[in-house]
Amino acid sequence: MGPGPSDVHPRVLEAVGRPTIGHLDPQFVRLMDEVKTLLQYAFQTKNKMTFPVSAPGSAGMECCFVNLVEPGDTVIVAQNGVFGARMKENVERCGAVAALVEDEWGKPVDPSKIEEALKAHPEAKIVAFVHAETSTGAESDAETIAKLAQQYGCLTIVDAVTSLGGSPLKVDEWGLDAVYSGSQKCLSCLPGISPVTFSERALEVIRNRKTKVQSWFLDIGLLMSYWGGEAKRTYHHTAPVNAMYALHEALLILKEEGVEAAWARHKKWHEKLRLGLEELGLNFVVEEPYRLPQLNAVSLPEGCADAEIRSRLLEEFNLEIGAGLGAMAGKIWRIGLMGYACREENVTFCLESLEGLLSVRVK
Ligand SMILES: Cc1ncc(COP(=O)(O)O)c(C=O)c1O
């Protein structure tokens, strides 16, 4: 019950162990097509360019930036936690200028600040932000930010690593342009795969690039020779075949449950966890309307022995919870309720395990 990787579903673990076949085997090609369709469902999009990058969420992030950003561009980057800072780093490594919009850690991205930045930077091409900030548990209003970006003629790059499958994410309805996620959070799949989706507007910008995409591996044009459906598939890289079996199974599980039902389940067990944590005297870091159900960040009580409690939870109860990152290290805990781990018995177990340890104090 940390911030990810979450517990992998037993059906997914079973799928990984199936015999490995060639990455251009007709059966594998059929599975790839199904993965794309299932990912469109998970992302709630009809985008043709929806596929899994064969690498973790950070590669999905780079894939969006290196394809859309060219040297000299201006990108408005919202930063309200660890992962916004990585977006800024990506922009700068693409030779572009990042116009930072900062919000306090634990708060959502403020759309009015985004609008101010859009007015101050008429040359901006993209607005980049994190939908679900795993470092703090704050959810930002992706729909409002995307509408603002469109109003000012900008595309959006959206980090949905922690939101996909856990809380509402509607790529087409909200008009998001380049979105990346991860397999290891609310999909309860193996770590190491990054689903991405690109809108037609984003593809048009990529087609009209003046410069070559600097990453060979993440160049969308080249990747589509393998993942595209229309032309004959050609070798690009050796796909992680068994990891794709896993992703296929994880996405099937999500489809069987229904994505709306999965969002509702996360909310339901978050409510029970919230009540229990508050009864134990723990306060949430994020204000109510912006709390992610899948990432519950609570402040540590005064004098509480952070590292000792977490290691005793692990050793005595076999239960992992997350520490604070960056500026929040030593100040908060992050309790994940992601995918398969988001079940009533886990909520009860976590509360019971924590109860006996909360009185442990720094010596
Ligand atoms: C919001 C967010 N973005 C990006 C990443 C990076 O993903 P990965 O660790 O799979 O590379 C993470 C990982 O936890 C994340 O939570």
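**View A. Strand 8 meets strand 9.** In this predicted model, strand 8 (residues 178-180) runs antiparallel to strand 9 (residues 194-198), and three bridges join the pair. To find one of the links, look for Ala178, whose bridge partner in strand 9 is Phe198.

View B. Stepping back, you can follow seven strands that form an open sheet with mixed pairing, in the order 1-9-8-7-4-2-3. Strand 1 (49-53) and strand 3 (97-102) are at the edges; each has a single partner strand, so one side of each lacks a neighbour in the sheet. From one strand to the next, the twist averages 15°.

**View C. Helices on the sheet.** Helix 2 (residues 26-43) packs on the sheet and touches strand 1, strand 8 and strand 9. The direction of helix 2 makes about 105° with that of strand 1. Helix 4 (residues 82-93) lies across strand 2 (74-79), strand 3, strand 4 (126-130), strand 7 (155-159) and strand 8. Relative to strand 2, helix 4 runs at about 165°.

View E. A polar side-chain atom of Thr134 is 2.4 Å from an oxygen atom of the ligand. For Lys185 the distance from such an atom to a ligand oxygen is 2.7 Å, and for Gln184 it is 2.8 Å. On its own the ligand has 390 Å² of accessible area, and the protein covers 86% of that.

Notes
Residues numbered from 1 in each chain as written. Predicted model: local features only at pLDDT ≥ 70, side-chain atom pairs only at ≥ 80, totals over all residues. Heavy atoms only, no water. Polar contact = N/O pair within 3.5 Å; in protein donor to acceptor, adjacent residues only side chain to side chain. Areas by Shrake-Rupley, 256 points an atom, 1.4 Å probe, with all protein chains shown as cover. Pairing = 2+ DSSP bridges. Helix = DSSP H or I, 4+ residues; strand = E, 2+ residues; numbered from the N terminus. Axes fitted to C-alpha atoms, helices over the stretch in contact; angles between N-to-C directions. Contact = heavy atoms within 4.5 Å.
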